[in-house]
Amino acid sequence: MSAAPGADIHLVPAGPQHITALHTLIFEDGANIWNYLPEDGIREHLDDIAQGRAHGVLALEAGQLMGAVTFGLSTDFGHYLPEQARDASQGYVSEAVVRRDIVGRGWGTRLLRQALDELSKLGADVVFIDRHEENLASAGMMRAAGFVEIETYPDPRRRPHGSGRTTVCWKVLNPASLSTPGA
């Protein structure tokens with residue numbers, strides 16, 4: 001991973017030594033009315049990162065965590081794939097957050113693009129991400145990284161504010177994985 005041109009922020013893979021800082025970043029800078037952040041689920045996800053079952057890419061400046069995108073492989077989104085492609089390897093982006101003082105500078109998109117590169121290396125053919133339908137900042141970051149909206153559905157348990165709906169997006173990394181065999 002590399003530094004962005006002209007910046008002192010460097011992208012690095014997440015490791016066990018980053019878990020406490022990740023927890024703080026997610027709950028201090030990622031918390032807003034649009035984000036669903038169940039404490040137990042986040043703790044389990046961070047444990048998966050510490051154990052190497054999930055992954056993350058971090059933006060560090062002088063050792064300080066400035067942003068993060070966490071991700072892993074998944075089998076939860078097969079129903080969005082064409083029947084002939086249900087075996088395609090799926091990735092999922094779990095958390096995408098940057099410190100409030102650097103929001104709007106493109107770091108979320110840079111981190112998300114790096115996560116897509118890492119998911120490709122892990123073998124993901126398609127990557128999924130979701131957000132509150134009305135979370136415009138997340139929508140812009142996802143579009144800038146090449147994600148396309150594929151479904152919006154009522155989700156009042158996870159989205160108690162605004163429209164109460166979740167929008168699912170995908171980015172196809174390997175188009176051949178979705179094509180019909182012999183076509």
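**Figure 1. Contacts across the sequence in the predicted model.** Among contacts between residues at least 6 apart in sequence, 66% join residues at least 24 apart. The model shown is predicted. Its secondary structure comes to four helices and seven strands, and from the N terminus on these elements run β-α-α-β-β-β-α-β-α-β-β.

**Figure 2. Overall dimensions and surface of the protein.** The C-alpha atoms fill a box of roughly 50 × 35 × 30 Å along the principal axes. The radius of gyration is 16 Å, which agrees with the value near 16 Å for a compact globule of 183 residues. Of the 183 residues, 45% count as buried. The accessible surface comes to about 9,300 Å², and 49% of this surface belongs to carbon and sulfur atoms.

**Figure 3. The largest nonpolar core.** This core has 24 residues, and those with the most contacts inside it are Val 69, Val 93, Leu 112 and Phe 147. At least two residues of the core are supplied by each of strand 1 (9-13), strand 2 (55-61), strand 3 (64-74), strand 4 (90-98), helix 3 (107-121), strand 5 (126-132) and helix 4 (136-144). Helix 3 gives the largest share, six residues. In soluble globular proteins, nonpolar side chains tend to be buried together.

**Figure 4. Surroundings of Leu 112.** Which residues are in contact with Leu 112, leaving aside its neighbours within four places in sequence? They are Val 69, Val 93, Ile 129, Met 141, Met 142, Ala 145 and Phe 147. Val 69, Val 93 and Phe 147 are, like Leu 112 itself, among the residues with the most contacts inside the largest core.

Figure 5. A separate core of 15 residues includes Ile 19, Ile 26, Ala 54 and Val 97.

**Figure 6. Ala 62 in the loop between strand 2 and strand 3****.** The phi angle of Ala 62 is positive, about 50 degrees, although this residue is not a glycine. Is Ala 62 buried or exposed? With a relative accessible area of 77%, Ala 62 is exposed, because the cut-off for exposed is over 50%.

**Figure 7. Charged side chains.** The protein has 16 positive and 23 negative side chains. The centres of the two sets lie 4 Å apart.

Methods
Residues are numbered from 1 along each chain as its sequence is written. This is a predicted model: local features need pLDDT of at least 70, side-chain atom pairs count only at pLDDT 80 or more; totals for chains, interfaces and linings use all residues. Side-chain values use heavy atoms; hydrogens and water are left out. A nonpolar core is a set of buried Ala, Val, Leu, Ile, Met, Phe, Trp, Tyr and Cys residues joined through side-chain atoms within 4.5 Å. Buried means under 20% relative accessible area, exposed over 50%, partly exposed in between (1.4 Å probe, protein chains only). Contact means heavy atoms within 4.5 Å. The radius of gyration is taken over C-alpha atoms; the globule rule is 2.2 Å times the number of residues to the power 0.38. Accessible areas come from the Shrake-Rupley method with a 1.4 Å probe; for residues, only the protein chains shown count as cover. Lys and Arg count as positive and Asp and Glu as negative; His and the chain ends are not counted. The place of a charge is taken as NZ of Lys, CZ of Arg, CG of Asp or CD of Glu.
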